[in-house]
Amino acid sequence: TVSLIACESVTDPNPEPDAITFELSEASPNQIGSINDVSIAVSSNFTNTTGSNINLKWERINDNLPTDWTVAIEDNIQLWVTSTTKNDFSLLENESFDFKAHFIPNGTVGSGSCELIIYDPLDSARTVQSVTFSATAN
């Protein structure tokens, strides 16, 4: 006897699109500066690896700073004032730039850190990446 089984291929009518991809390098090691420095800059390279233009968002989620210190973020648009904690930005296909955290010690000795998350606001669950910047002022 021969048995025949009929199989039918079913395609999801609403497949989930692939998540966008980007690369965020670890921040440069703890930068050491002087309490007299206007700012101590720490960088992390960011690259759009999608092959198309992308729209993203960054957010400062965790600052651990000595009293009197502030931190300002520089993206591919500008150096933002210290009160700016999030921003939308766009990257062209294969564009790369250095995210920077500018620690402003205001004459105070100490060490501080700042954590950023970067993600696609339309798909944060699958695209969020984080980077922590740190600096010391002597």
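A polar contact is a pair of N or O atoms within 3.5 Å; within protein, one of the two must be able to donate a hydrogen and the other to accept it. In this predicted model, the backbone oxygen of Thr 84 lies 3.2 Å from a polar atom of the Arg 60 side chain. This briefing covers the protein as a whole and then the surroundings of Arg 60.

**Overall architecture**
- The protein contains one helix and nine strands.
- Along the sequence, these elements follow the pattern β-β-β-β-β-β-β-β-α-β.
- Of contacts between residues at least 6 apart in sequence, 73% join residues at least 24 apart.

**Burial and surface**
- The protein has 138 residues, and 36% of them count as buried.
- Its accessible surface comes to about 8200 Å², with 48% of that belonging to carbon and sulfur atoms.

**Position of Arg 60**
- Strand E4, which spans residues 54-64, includes Arg 60.
- Arg 60 counts as buried because its relative accessible area is 15%, and the cut-off for buried is under 20%.

**Polar contacts of the Arg 60 side chain**
- The side chain of Arg 60 reaches the backbone oxygen of Thr 82 at 3.0 Å.
- For the backbone oxygen of Thr 84, the distance to a polar atom of the Arg 60 side chain is 3.2 Å.

**Other neighbours of Arg 60**
- Leaving aside neighbours within four places in sequence, Arg 60 is in contact with Val 71, Ile 73, Thr 82, Thr 84 and Thr 85, and also with Cys 114, Glu 115 and Leu 116.

Conventions: Residues are numbered from 1 along each chain as its sequence is written. This is a predicted model: local features need pLDDT of at least 70, side-chain atom pairs count only at pLDDT 80 or more; totals for chains, interfaces and linings use all residues. Side-chain values use heavy atoms; hydrogens and water are left out. Helices (H or I, at least four residues) and strands (E, at least two) are DSSP runs, numbered from the N terminus. Buried means under 20% relative accessible area, exposed over 50%, partly exposed in between (1.4 Å probe, protein chains only). Contact means heavy atoms within 4.5 Å. Accessible areas come from the Shrake-Rupley method with a 1.4 Å probe; for residues, only the protein chains shown count as cover.
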